[in-house]
Structure formats: structure tokens, C-alpha cells
Amino acid sequence: MAAPPLMLDAETRARLWRQLVEAIETYATKLETGRVTPPLDPVQLRALLSRFDFCAPMDAFEALDFLVEGLWKFQTHTPHPRYYGLFNPAPTTMGIAGDALVAAFNPQLAAWSHSPLAIEIEQHLVRAFGARFGYDPAQTDGTFASGGMEANHTAVLTALVQAFPEFSCRGVRALAAQPVLYVSAEAHHSLLKAARLCGLGTDAVHEIAVEDSLRMNPEVLVSSIAQDRRQGFAPFMVVATAGTTNAGVIDPLAAVAEVAAREKLWLHVDAAWGGAAALVPELRPLLEGIERADSITFDAHKWLSVPMGAGIYITRHTDILDRTFRTAVTYMPREAAELDVVDPCMHSIQWSRRAIGLKVFLSLAVAGWEGYAAAIRQMVAMGALLREQLEASGWQVVNETPLPLCCFIDQRHAEGRSAAYLHAVAMKVVGSGKAWISTTRLANSLPVLRACITNYRTSADDIAALIESLEEARRQLR
Ligand SMILES: *Cc1c(COP(=O)(O)O)cnc(C)c1O
């Protein structure tokens with residue numbers, strides 16, 4: 001064989017692609033016959049890897065087999081229909097195809113002239129999703145991102161630049177007062193990290209208490225802003241969540257938008273998961289008010305089921321990304337300098353960037369809005385079924401949301417409200433390999449079990465199996 005074998009010969013490639021495609025197809029179709037959860041043994045894994053000293057080249061098929069077998073054995077299978085987890089989907093067929101093409105064509109998304117089609121596809125998608133949220137397509141801008149974390153980071157940066165233009169060059173130290181932003185006590189912790197990454201520090205994130213429904217209390221927001229202003233802070237942003245991670249709750253977007261407008265604060269809606277409700281006519285009203293947001297985070301790798309990661313930051317301020325990210329450079333390609341186009345590296349955090357939007361494009365083109373609406377509707381129906389069956393078997397569901405996410409405690413066990421017992425139930429279920437669920441603690445400090453439908457293939461049989469696993473755990477802990 002010719003060396004160095006960075007590109008294998010034609011005959012080997014032909015066989016390798018066949019084997020690869022077969023492995024992908026087998027995983028997609030046989031996955032549900034296996035366990036959901038892996039053994040967790042770092043010593044075993046390190047021993048397995050110790051044979052790789054990379055001194056002698058390995059046969060391509062042996063290497064591929066190693067990884068396929070290893071991934072089968074050693075991962076929590078988020079694409080499994082009995083993975084009731086943290087919004088991680090089973091990837092769409094077209095999403096897998098899109099990502100494979102991206103790996104092969106390797107489009108570089110730093111400069112428009114290097115990847116004009118891929119970049120225009122992403123901009124087209126940003127406007128299409130913006131329109132679903134109620135933005136005017138002529139006044140919509142945005143960028144794809146690695147995920148919700150990066151999209152939320154982008155949101156905090158843009159809000160800072162809008163409120164404090166001097167921040168761009170002179171940084172936080174130039175500001176006369178400490179900027180603060182508001183999130184609900186149930187908001188995603190990526191906002192804390194974003195505040196840290198922006199140089200604000202996590203103390204700049206002021207948590208607003210939630211109501212019993214776990215929704216942000218707009219009155220507490222109003223009084224916090226007033227109090228902070230009195231104390232010399234500089235409020236600049238409020239983040240509402242549409243679909244909280246813990247409990248799938250949607251903050252009162254219209255009421256929060258009202259406050260933000262009155263107080264002249266940047267309104268960001270973190271709709272990483274729940275934003276998909278915009279694709280289903282009967283769920284769309286849940287997001288009433290999102291159209292007033294200055295910016296929105298939406299993760300296509302959550303409810304739109306494309307392979308990770310595919311965050312999207314969308315804004316109705318068409319100049320703000322430029323003001324936030326533009327830098328002067330001389331070495332970047334200049335062929336498109338005279339065209340009415342944007343170089344993504346001047347418009348986002350990343351520089352060299354993988355084409356994130358293409359897997360979304362292929363998935364949406366083939367499913368259509370209708371196809372996505374049907375898939376989301378199906379998951380919502382499975383969520384309602386889960387809620388019903390949990391309650392029928394003596395579990396009390398404590399969160400209220402139309403989205404398919406149940407937080408629950410055990411009514412039939414003396415310890416049914418204790419964190420230790422609920423954790424033990426989750427560990428029994430996870431340890432059985434029959435499903436993945438988790439525990440969390442809600443803002444009202446109630447410990448709960450948590451199960452979320454994130455998979456378009458989860459069926460009534462899968463729900464019944466989860467109920468059975470929970471029952472088994474309960475029996476074992478009696
Ligand atoms: C998942 C999620 C995030 C973080 O997004 P990543 O894609 O994991 O980086 C932020 N906010 C909410 C509401 C989420 O559901």
C-alpha cells in the first residue's frame with residue numbers, strides 16, 4: 001500500500017464506504033434491541049486504548065470496526081427510543097447525510113467567497129426560522145453556532161454592545177456601572193457561563209424568582225430592576241426561557257417583553273428546545289410574545305433532531321452582529337469584497353467553521369414544515385401518554401407544561417419525595433439498561449425524577465416499558 005495512507009486506494013475506499021454505510025444503517029435499525037446505557041468503567045476503557053501507541057499503522061477495516069463496536073458498547077444511546085433525556089435526539093436520516101457531505105466537501109465558512117452556497121443556505125434558514133418566530137424576513141439576521149451555549153454567549157455579547165457601545169473596544173472596565181442581566185431561577189446555566197466568558201462574572205446574572213408554575217414572575221422582575229438601578233447597577237438584558245431544561249416551562253414571554261420594552265432592556269428568548277413549538281400551529285400560541293425578542297436562541301440539534309451541534313442565534317437587529325464581531329484583517333479572501341454579502345467570521349464567534357446548517361437544510365427540505373409538525377405532535381402525544389400513565393401508576397407529576405416533559409415524585413412510597421429515594425429509582429432504571437431517566441431539583445427546591453420525550457421514534461410500547469422499569473425499581477426499593 002502507498003504511504004502515507006491519508007487517502008486510501010480506490011478499492012479500499014469502495015469497501016470502506018460500504019462498511020461504513022452498513023454500520024450506520026445497522027445502528028439506526030437495530031439500536032432499539034440493545035441496552036440504552038453503557039457500563040461506566042474508565043479503567044476498562046483506558047486498558048482498551050492502551051494498545052494504541054500509533055507506532056505501527058493499523059488496518060483501516062480493523063480501525064473502523066474498533067470504533068463501531070466501541071460506540072455500540074460504550075455510550076448512552078441518546079438515539080434510543082427509550083432515552084428519556086436532556087433533549088438529545090435520534091438524528092434525522094437527512095441530517096446524517098448532510099453531515100457526511102460536510103465532512104467530505106469540508107466547506108470553510110469563515111469567508112463568503114469560499115463557501116457561497118453553504119453560507120447562503122444558512123442565512124436562508126436563519127430567515128426561515130426567524131419568520132416562524134414572527135420576525136420580518138427583511139429585518140432578520142443571525143448566525144449558526146455550535147449550540148445553545150454559543151448562541152446564548154452571542155446574545156449576551158450583542159446585548160452588551162447595544163447597551164454599552166464602548167464595551168467593544170474598551171471592555172467591561174470602561175463601564176461606569178456594573179452591568180446586570182436577568183434570568184429566571186429555572187434558566188439554563190449556559191447564561192452564567194456566558195456572563196463569565198463576557199468578563200461580567202456570574203454575579204452579574206440576577207435570578208428572578210419563579211411562580212409556583214415555575215414561570216418567571218414579571219412583577220419580581222420589575223421590582224428587581226428598580227432595586228438594582230437604585231443600587232447603581234446598570235441593567236441591560238433580560239432572558240426569558242421558552243422551554244426550561246428542568247421542567248419544559250415557558251416564561252410569560254409577552255409580559256416579560258412588556259417589561260423589557262418599558263425598561264429599555266435587550267430581550268433574549270432562550271428557545272433552544274421549546275422553540276420547535278413554533279412549527280406546530282396548535283402549539284404556536286405558547287410562544288406568544290417571542291416576536292418581540294431582540295434575539296432568540298434555537299437549537300436544531302434538540303427538537304429538530306439533526307446531529308449535534310446546531311445552535312442558531314437569530315436577531316431582528318441587522319447591524320448588531322457586525323458591530324459585535326467585525327475586526328479589520330488583511331489576510332482573509334477578498335474576492336467577494338464588492339458583493340452584498342457577509343463573511344461569517346466577521347459576524348460570529350467562530351472563525352474557521354464547519355457548515356452547521358447543511359444537515360438542517362436537508363432535514364427540513366425533505367420533511368417540510370408539515371413533516372416536522374407531525375413529528376413534534378407525535379412526541380407531544382407521547383408526553384401526554386407518559387403523564388397519564390405515570391399518574392395511573394401512583395407517580396405524581398408536579399410540573400405543568402404542554403411540552404412532553406414530566407417531573408414526578410412517588411406517591412406510593414413513604415420516601416417518595418426524598419432526593420435520595422428518587423435518585424435510587426433513577427439509578428435502578430439506568431442500571432437496568434432499559435431506559436435513561438434522571439433526577440433534578442426544581443427552583444422550588446423539590447427533588448424530582450425527570451423524563452422527557454426527545455425521540456420521534458418513541459412509541460406507546462416504549463412508554464409502557466418505562467412505566468414497567470419504574471415499577472420494578474420501586475419494588476426493589478421497597
Ligand atoms: C440545551 C439548552 C441550552 C444549551 O444548549 P447546548 O446546545 O447544549 O449548548 C441552553 N438553553 C436551553 C433552554 C437548553 O435547552
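**The ligand and its surroundings**

Happy to. Of the 14 residues around the ligand, the nearest are G148, M149, D270, D299 and K302, where a residue is near a molecule if one of its heavy atoms lies within 4 Å of it. Please keep in mind that this is a predicted model, in which local features need pLDDT of at least 70, side-chain atom pairs count only at pLDDT 80 or more, and totals for chains, interfaces and linings use all residues. Residues are numbered from 1 along each chain as its sequence is written, and side-chain values use heavy atoms, with hydrogens and water left out.

Now to the polar contacts (pairs of N or O atoms within 3.5 Å). G148 takes part through its backbone, with an N or O atom 2.8 Å from an oxygen atom of the ligand. H301 places a polar side-chain atom 2.9 Å from a ligand oxygen, and an N or O atom in the side chain of K302 is also 2.9 Å from an oxygen atom of the ligand. The ligand taken alone exposes 380 Å², and the protein buries 85% of that; these areas come from the Shrake-Rupley method with a 1.4 Å probe.

By type, the shell holds 3 nonpolar, 8 polar and 3 charged residues, with Gly counted as polar. Its largest share, 3 residues, comes from helix α6 (residues 148-163); helices here are DSSP runs (H or I) of at least four residues, and strands (E) of at least two.

As for the sheet, it is open, with 7 strands in the order β1-β7-β6-β5-β4-β2-β3 and mixed pairing; two strands pair if DSSP finds at least two bridges between them. β1 (141-145) and β3 (205-208) are at the edges with a single partner strand each, so one side of each has no neighbour in the sheet. On average, neighbouring strands are turned by 20 degrees against each other, direction ignored. β1 pairs with β7 (residues 311-315) in the antiparallel sense over 5 bridges, and G142 has I314 in β7 as its bridge partner.

Helix α8 (residues 190-197) packs on this sheet, touching β2 (179-184), β3 and β4 (234-241), contact meaning heavy atoms within 4.5 Å. The direction of α8 makes about 160 degrees with that of β3, on a scale from 0 to 180 degrees between N-to-C directions of axes fitted to C-alpha atoms. Helix α10 (residues 253-263) packs there too, touching β4 and β5 (266-270), at about 170 degrees to the direction of β4.

Notes: Polar contact = N/O pair within 3.5 Å; in protein donor to acceptor, adjacent residues only side chain to side chain.
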